[in-house]
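Please read these points with the model open beside you, and look up each residue as it is named.

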Amino acid sequence: MSGSLGRAAAAAATALLRWGRGVGGGLRGPGVRAAGSGGSGSSEHLDALVKKDKVVVFLKGTPEQPQCGFSNAVVQILRLHGVRDYAAYNVLDDPQLRQAPSWPSSEQNHQMVALSQEARHLGIKDYSNWPTIPQVYLNGEFVGGCDILLQMHQNGDLVEELKKLGIRSALLDEAKDQDSK
Amino acid sequence: MHARTHARPQETETTVPVSPHLPGLSRSEDSISQSASGREICIHPASQEFRPRGGTAVAKPECEPMLSGQLVLRLFSMASRICMSRGSAGSGVIGPVEAAIRTKLEQALNPEVLELRNESGGHAVPPGSETHFRVAVVSSRFEGLSPLQRHRLVHAALSEELAGPVHALAIQARTPAQWKENPQLDTSPPCLGGSKKSRN
């Protein structure tokens, strides 16, 4: 069973999992929620954010315009599974949320670096105890980053986890179509 | 099955053309073999490693059984682009961050296999940067641990680097048995510009 789903996932992966821009492709885009202002990095605030929705991701950029290949990978995987209604928070909009590293580099704009050096509030990296973006939460529970989500996608775990949340993965329908042919 | 390769418009490197059967495609001393099933194409390192700029690992495409050959080819062409990417003059020099990562992981996890690749050249950072890495760690210490727990072990060993210069760390954390099934350092997706908002 998981074998055929795996092949369906693989077929879907080749067709759709382009490491490119996250275009909606006719589907309604996910609910992209701004993290909000004032105390955006606080533990209570983040706690509320990750529990407010079943699927919560912290990205660089937005699902419509990811600004990081790894963040885009998360967007694409969710799209493959037909998860449309999820909360995506753009850490690039909020340096406190992101906890930009204190090492200055030309990738950062200097304003962001100054902010982060001055006020390293509890941001998402501390909250999750995870040093990188993207970050994925399912049902209020931290799942991991891009690598782990990809692994879950490939081994069928993601379909199961989504099912537990009452979300039926689109890949199940594809697998059904494949099997019935 | 047809091979699908295309260069992304904003990239200037040539895509290595590939065909499903990859006859005689060679880069440095890599040799190609085809697995028994015929649907996977794996690249095995020859005695001399291909050294991308600043890296120590051989560039190998992803070769998971769950992925079809097409995706493997796509990822391989990406790997070629990433490893032959624009940026610094590839001298094969290992930077201090890379050396530190290797040392700390060896000490913390006593790995059987440790493949580390500096992928900074494929991202919007200056040449010679040590900001983006991919690592495959094979250790029996991962037995019985979930992927999350394994990754946290790796993070713990590299907390200083991750709090410092390293922005991105792609991790493959495998037990020896898992690695045997699929001994490949994956490739990372292409950079989409990061915090540079000028990207269109």
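1. Helices and strands here are DSSP runs, a helix having at least four residues and a strand at least two, and they are numbered from the N terminus. Please keep in mind throughout that this is a predicted model. With those terms in hand, chain B can be read along its sequence as β-β-α-α-β-β-α-α-β-α, which comes to 5 helices and 5 strands.

2. Chain B has 200 residues, and 56% of them are buried, a word used here for a relative accessible area under 20%. If we take the contacts in chain B between residues at least 6 apart in sequence, 65% of them join residues at least 24 apart. The accessible surface of this chain is about 8600 Å², with 54% of it belonging to carbon and sulfur atoms.

3. The largest nonpolar core holds 41 residues, and among those with the most contacts inside it are A:Val55, A:Phe58, A:Val74 and A:Ile124. Helix α3 of chain A, residues 69–80, gives this core its largest share, namely 6 residues. Apart from this core lies another one, of 18 residues, including B:Leu116, B:Leu158, B:Leu162 and B:Leu169. As for A:Val55, its contacts, leaving aside residues up to four places away in sequence, include A:Leu78, A:Tyr86, A:Leu138 and A:Ile167.

4. Is α3(A) largely enclosed or open? Of its 12 residues, 11 are buried, so this helix is largely enclosed by the rest of the structure; the buried ones include A:Phe70, A:Val74, A:Ile77 and A:Leu80. From its first C-alpha to its last, α3(A) reaches 16 Å, close to the 16 Å expected at 1.5 Å a residue. Just after this helix, A:Gly82 takes a positive phi of about 75 degrees.

5. Helix α3 of chain B, residues 147–157, has as its buried residues B:Arg150, B:His151, B:Val154, B:His155 and B:Ala157. They cover an arc of only 165 degrees around the axis, which puts them on the same side of α3(B).

6. A:Lys51 counts as exposed at 53% relative accessibility, whereas A:Asp47 is partly exposed at 30%.

7. Another salt bridge, at 2.9 Å from N to O, is made by the side chains of B:Lys104 and B:Glu161. B:Lys104 lies in helix α2 of chain B and B:Glu161 in helix α4 of chain B, so the pair ties together parts that are 57 residues apart in sequence. B:Lys104 is partly exposed at 23% relative accessibility, while B:Glu161 is buried at 7%.

Notes:
Residues numbered from 1 in each chain as written. Chains lettered and ligands numbered in written order. Predicted model: local features only at pLDDT ≥ 70, side-chain atom pairs only at ≥ 80, totals over all residues. Heavy atoms only, no water. Buried < 20%, exposed > 50% of the residue type's maximum accessible area, 1.4 Å probe, protein only. Contact = heavy atoms within 4.5 Å. Areas by Shrake-Rupley, 256 points an atom, 1.4 Å probe, with all protein chains shown as cover. Core = buried A, V, L, I, M, F, W, Y, C linked by side-chain atoms within 4.5 Å. Expected span 1.5 Å × (residues − 1). Arc of directions from axis to C-beta. Salt bridge = Lys/Arg side-chain N within 4 Å of Asp/Glu carboxyl O.
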